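The questions below go through one chain, from single side chains up to the fold. Please have the sequence and the coordinates open while reading.

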Amino acid sequence: MNSAYKAFKSRAPIEWSPKLYVTLVRGIPGTRRLHRRTLDALRLRKCNRTVVHPNTSSIRGMINQVKRLIVVETEEMHNARKELDAAGRALRPPIVVSHNPPPSPVAVDASQ
């Protein structure tokens, strides 16, 4: 079952990108010890965390070993995704809290 995302991910031009953004998207429990050690070497310890690595053959080999647990992006792909995320967030106006004491009641003249 091939999705369009997997097809796009497999054709991502990571060979000529100087930096690779690696994100852990699946959980570590239940994985093989070799895969856990590879993720530790890539400094990926929690889900949805992204680390930046130089594009070397040793890093690409580690990425290939744990490719079912991670997502790899180039710098351009990462920046485009971050811009879309930032544009999608709605800005709320700040909540202004006034800590001034309430105005004192006006004294009513008791002589009347």
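**Salt bridge, sheet and loop**

Q: Which side chain meets that of D40 in a salt bridge?

A: In this predicted model, the side chains of D40 and R45 form a salt bridge, with 3.1 Å from N to O. Side chains of opposite charge can pair when their charged atoms come close. The cut-off is 4 Å between the nitrogen and a carboxyl oxygen, so the pair qualifies, and the count of salt bridges comes to one. The partner of D40 is R45.

Q: Is R45 buried or exposed?

A: Exposed means over 50% relative accessible area, and partly exposed lies between that and the 20% limit for buried. D40 has 42% and is therefore partly exposed. R45 has a relative accessibility of 55%, so R45 is exposed.

Q: What is the phi of R43, about how many degrees?

A: Most residues other than glycine have a negative phi. R43 is not a glycine, yet its phi is positive. R43 sits in the loop between helix 2 (33-41) and strand 2 (50-54), and its relative accessibility of 45% makes it partly exposed. The phi of R43 is about 65 degrees.

Q: Where does N48, with its positive phi near 60 degrees, lie?

A: N48 is a residue other than glycine with a positive phi. Its relative accessibility is 61%, which means that N48 counts as exposed. The location of N48 is the loop between helix 2 and strand 2.

Q: Is T38 buried or exposed?

A: T38 belongs to helix 2. A polar atom of its side chain is 2.8 Å from the backbone oxygen of L34. Setting aside neighbours within four places in sequence, T38 contacts M62, Q65 and V66. The limit for buried is under 20% relative accessible area; T38 has 6%, so T38 is buried.

Q: How many bridges join strand 1 to strand 2?

A: Strand 1 (residues 19-24) runs antiparallel to strand 2. The number of bridges joining strand 1 to strand 2 is five.

Q: What share of the contacts with a separation of 6 or more comes from residues 24 or more positions apart?

A: The chain has 112 residues, of which 25% count as buried. Among contacts with a separation of 6 or more, the share from residues 24 or more positions apart is 75%.

Q: Which element of the chain has the lowest mean pLDDT?

A: The mean pLDDT of the chain is 76, and 79% of its residues reach 70 or more. Strand 2 has the highest mean among the elements, 88. The lowest mean, 51, belongs to helix 1 (residues 4-10).

Methods: Residues numbered from 1 in each chain as written. Predicted model: local features only at pLDDT ≥ 70, side-chain atom pairs only at ≥ 80, totals over all residues. Heavy atoms only, no water. Helix = DSSP H or I, 4+ residues; strand = E, 2+ residues; numbered from the N terminus. Buried < 20%, exposed > 50% of the residue type's maximum accessible area, 1.4 Å probe, protein only. Pairing = 2+ DSSP bridges. Polar contact = N/O pair within 3.5 Å; in protein donor to acceptor, adjacent residues only side chain to side chain. Contact = heavy atoms within 4.5 Å. pLDDT = per-residue confidence, 0-100.
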